[in-house]
Amino acid sequence: MRDPGSKKQALIEADDQLCDVLGRNIDLLPIVYRFGISSNMGQSTLEENSLNHKIDLDFLLAVLNTYHSGNYFPNTDSIDLGLLTDFLTKTHQHLKQVTIPLLGSLMQSLKIKLPDTKLTITLEQYLNDYITRLMDHIEFEEKYIFPLVGLRNGNRMGSEVKTSISKLKKLFSQHNNVETEISDLIMIILQHIPENTDIQIFHDILHTLSHFEKEQVDHARFEDKILVPRLLKLFGSKF
Amino acid sequence: MHSGNCIIIHPWSLVQIGLTNILQSLKVDVGAVYSFSPENEIIQTWNDLIVLIDTTKIEMIRKHCKSFKRRNIALIGIHVDDSPVPDDPLLDEILYPSDTQGMIFNKLRPFSNFGKNKQPSLHLSDRETAVLKLVATGFSNKQISEKLFISIHTVISHRKHITVKLGVKSISGLTLYAVLNDLIE
């Protein structure tokens, strides 16, 4: 008999069927899409899928398990940094093309339900400011941090590369802010839902923000625990 | 911000207790009682409430009173004797020592709905509210300590309490909270 409670703790393995993995944790579906798996999920295992879609199986398992379980963490030295930055870039694209437009559309619905209220106006302002900061953060990562992976032998140490290396540690504090601000927004919305209002729109916003927060936390784990330490190790002596 | 919707400023305990009992019968919650005029930073946090004050103390808060109407604050004087109080446009009502309980009840009843519609404050203390306002306005811990005449350690301690009570950590989140609760513009 299927027991989601206990299976959720179990690691995802190469011979697990993809549909079974998604049945255990449907939040992994957008992660699977980012690997280019979007059809024929049927009965095939993760190993078969990785062969069919030319995906590095170890990396696929490392990513799925990291998103699946907060306690799991892959062997950091075995992760290919090129694959990792490619995956993180796709996560940024998902954020820009799916999550942020969805939040924008939910805010529009809130504005229709509660037009010109202080709550709506200030929430929209907060969210817009937050998204602006998040876009700046993404640009910072893609401009300064990810390109370092292509130079990981450290042979070219031009001034731009040195600038990028010096900015590495800044990532930690930025991630902390990104996660905290979205968590704060959830708390504040919960505390200020007006009486006698359509609760569904607030539920949709909170649900989306909650998923968004979880994804941001997992995304930051890859960067803070794998990418940045590995890059610091590679370039550390060049400071 | 106070948990109730009324503040009493009077040095005499008997007056404080008597008025609190009458206000309770009107279902008005007394959030704070002061023997002396509170600090400016605390007065600036007031919104949407009734303030009952010893008429001899009004001068101490007069500079704040201009914004009382805009902040939906009703100011009620408690006079020291039965001599008539000169007309003062700031006062919405005056209580005299010879007023019976029924008379006081009738004078206060028109204001009993003040503050009933405001958002719950999650019980931040006056000091925490003052710190929150300054944090949300962009002041550093050092600047806050200088403005409120408290140590940086105390500012940090207030900030920890604010975070625990509100469940909000970031400065942008605290600013959003302060705006939604009319603590800042």
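This is a predicted model: local features need pLDDT of at least 70, side-chain atom pairs count only at pLDDT 80 or more; totals for chains, interfaces and linings use all residues.
How many salt bridges are there between chain A and chain B? The count is one.

1. The salt bridge joins the side chains of A:Lys118 and B:Asp182, with 2.2 Å from N to O. Beyond that, the count of residue pairs in polar contact between chain A and chain B is six, taking pairs with both residues at pLDDT 80 or more.

2. On the chain A side that touches chain B, helix H7 (118-145) and helix H9 (170-192) each supply at least two residues. H9(A) gives the most, with eight residues. Sorted by class, this side of chain A has six nonpolar, four polar and four charged residues.

3. For the extent of the interface, 14 residues of chain A are in contact with 15 residues of chain B. The two chains bury about 1,200 Å² between them, and 64% of that lies on carbon and sulfur atoms. Three residues deserve a look here: A:Lys118, A:Ile188 and A:His192 supply 38% of the area that chain A buries against chain B, more than any other three residues.

4. Now to helix H6 of chain A, residues 81-113. Its 33 residues should span 48 Å at 1.5 Å a residue, and the end C-alpha atoms are 46 Å apart, so the two values agree. Do also look at A:Leu95, where a kink of about 40 degrees in H6(A) is centred.

5. Finally, the start of H6(A): there a side-chain oxygen of A:Asp80 comes to within 2.7 Å of the backbone nitrogen of A:Gly82.

Technical notes:
Residues are numbered from 1 along each chain as its sequence is written. Chains are lettered from A and ligands numbered from 1 in the order in which they are written. Side-chain values use heavy atoms; hydrogens and water are left out. Helices (H or I, at least four residues) and strands (E, at least two) are DSSP runs, numbered from the N terminus. The expected span of a helix is 1.5 Å times one less than its number of residues. The bend at a residue is the angle between axes fitted to the seven residues ending there and the seven starting there. A polar contact is a pair of N or O atoms within 3.5 Å; within protein, one must be able to donate a hydrogen and the other to accept it, and residues adjacent in sequence count only if both atoms are side-chain atoms. Contact means heavy atoms within 4.5 Å. Buried area is the accessible area (1.4 Å probe) that two parts lose on being put together, summed over both. A salt bridge is a side-chain nitrogen of Lys or Arg within 4 Å of a carboxyl oxygen of Asp or Glu. Ala, Val, Leu, Ile, Met, Phe, Trp, Tyr, Cys and Pro count as nonpolar, Asp, Glu, Lys and Arg as charged, and the others, Gly among them, as polar.
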